[in-house]
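Morning, everyone. Let's take the domains, then a helix pair, then the chain contact.

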Amino acid sequence: MTWSIIDTWIVIIGALCAAGCAIPGAILVLRRMSLMGDAISHTVLPGIAIAFLITGTRDPMAMLIGSVVVGLLTAFLVQAIQTLGKVEAGASMGIVFTVLFAFGLVLMRQAVDHVDIDPDCVLYGSIELAWFDQDPEGLGIPRGAIVNGVMLLANLLLFLLFYKEFKITSFDPALAKAQGFHPSFMHYMLMTMTAATAVAAFETVGSILVVAMFIVPPATAYLLTNRFGMMFILAIFLSVLAAIIGHVSAITIPTWFGFSGTSTAGAMAVATGALFLVAWVVSPLDGMLVRMWHLFSTRLHVVREDILGVLWRLEERGQKELLPVQLSEAIGTTPFLVKIGLQILQKRNVVSKTKLLWSLTDCGRKQAATLVRSHRLWEVYLDKHFPQDVHQLHQSAERLEHITTPEMQVKLGNAKEDPHGSQVPADE
Amino acid sequence: MKVEAGHSTTSPVSIHDLTVAYQRKPVLWDVDLDIPEGKLIAIVGPNGAGKSTLIKAVLDLVPKASGKVMIYGRPFAKQRKLVAYVPQRESVDWDFPIDALGVVLMGRYNKIGWCKPVRKKDIKAAMESLDRVGMADFARRQISQLSGGQQQRVFLARALTQDATIYFMDEPFASVDATTERAIVKVLGDLRSLGKTVVVVHHDLQTVRDYFDHVILLNMRVVAHGPVDEVFTDENLKKTYGGRLTLLSEAADRLARH
């Protein structure tokens, strides 16, 4: 990998662009209107085309104004069609942005004949060439860095200034309106931010990949935190990370397979997706691993209690000890779980092993008695209140015994015998 | 103070000839009433009677087809600080990344004003409100981890921290646990003893007599309103819930079609 100043600037521009998108993007995600980012970033195209046709130049101010105007028009039309046309928000967005985007394409063909503009660049961006487009003063700063940097700064300032207002209008628009914080004003401010950000970003990542920058890092941050402010900090951090990972992998990974580098903007978007996937798996809040761990520990808990129950009932019938394989058969679970369960129980001094056979200790016998007591009291309770097949009683009680607290057990009463005629162990 | 003719200036909420329609179908029709000051008032009526809509129309949350609402003789827009609102629990996204304290603080935003940050005294006030509904220990809990009843109490605390004169609550008792129901009843009593006016959309006919002083029986129109002892009679309930009014809703349907 050869790294030059050009690569450094590509990463900086990518990071500024993605971080700038993350701020309005996070608000869109929280308002469950992420696709509005999609819609508006597409309608940047007609905005730019109209600006070209009117001014005949690539004047950035004209492009910005054109895009913001069309962006706001999109937001307004989406709302209007939704209310008047009796269609859901998705359909309404579909109508507005595809038609406007197509209109933009038509105009763009006209514009191409007159001004120097590359439709490919509009769609996919040209971050790789950004360094060659220097600022006029010759400070050595690419124009893309200035444009995206200013946009990031503007978004950051607006967000901090209207922090409270964005929060309340996103969470509870009715209360916000009743308190005089005009939700529609905040809505159109957000739409303006989105449109302006999309037009600032389009030369960098294009009008399609910008949607990834709007939505994916904030959605990833949403998985990782349940604090409002922290979500924005994480979203910005993840955007920067995606820019670094994106460019580095764009210039390295293809070379491993004998190709030259690939599109940085594309790789950045893929990197945002990869980060989302990682967060989805490892998130401490509700990630896959956490869920699987919960599932596993619950199952293990149940198996441990079942081992105690089986051994206790065994003693009730006059036997004393069992092989692990007999235990797993009696419980109906895998030998692996039984093995782990037995090891934990042994550590807690609840069961003991002589040669290959397992039996209850005195302490274990007490715990097991409480469990079996819960089980049999549940059978009594269920039989009394919900008459059913005796076999089913056992099934239900089997599940309920694992979640019975001491207080619940007291409420279950003091029966001496279960519906099958077995003794209920005494409360100790 | 400039007052429109025909309106009571002493009534906390004076509603004059209010009609609200969704897509041309009237939901509320010529509602006309003065809500008494310092009372606990229940709005009672069947599903679709326009109970929530009445509150929302007062708070300018839905457009009025016609009619006027005055808060102490002036339009709501000028009296926002006098009014607190507890929306239905289902109206917000409880997965929103915010804790209970954060939600309650929103009740102070109006006092803080546009673009200014939350102050220490706001946090103190919000904590006191949480304490009043027995939720102080849950201040830092993410709202999705609260039970339905606890979420309702957070909403109640948010209204309390608005420190208003008139409180509107939309079904605060809907599917809550016994602890929450007791907490709400206690708060209602406290508010009454402070001379506040509380208007509650209520669905449980059994508890109307126990919890409220005044009742508004609503079914598109006001069927009856007044002190619970006088108005909350079997005959009035029959009128509110009974079949005689289906003619009215039939008319509303026809109006929507034409």
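Quick definition before we start: the domain bounds I quote come from an automatic or database domain assignment. And keep in mind that this is a predicted model.

Domains, then. In chain A, the assignment gives domain 1 as 5–283 and domain 2 as 291–411. How far apart are the centres of the two domains of chain A? Taken over C-alpha atoms, 57 Å separate them.

Next, the helix pair. Helix H2 of chain A covers residues 34–55, and helix H3 of chain A covers residues 60–84. Their axes come within 7 Å and cross at roughly 135°. As for handedness, H2(A) passes H3(A) in a right-handed crossing.

Who makes that contact? On H2(A), the residues include Met36(A), Ile40(A), Val44(A), Gly47(A) and Ala51(A). On H3(A), among them are Met63(A), Gly66(A), Val70(A), Gly71(A) and Val78(A). By class, the contact of H2(A) with H3(A) has 15 nonpolar and seven polar residues. Charged residues there: none.

Last item, the contact between chains. Chain A puts in 21 residues, chain B 19. Which elements of chain B give two or more residues to the side that touches chain A? Strand S6 (83–86) and helix H3 (109–112) of chain B. On that side of chain B, 14 residues are nonpolar, four are polar and one is charged.

That's it from me. Over to you.

How values were computed:
Residues numbered from 1 in each chain as written. Chains lettered and ligands numbered in written order. Predicted model: local features only at pLDDT ≥ 70, side-chain atom pairs only at ≥ 80, totals over all residues. Contact = placed C-beta atoms within 7 Å. Helix = DSSP H or I, 4+ residues; strand = E, 2+ residues; numbered from the N terminus. Nonpolar A, V, L, I, M, F, W, Y, C, P; charged D, E, K, R; others polar. Axes fitted to C-alpha atoms, helices over the stretch in contact; angles between N-to-C directions. Left-handed = near helix turned anticlockwise from the far one by under 90°.
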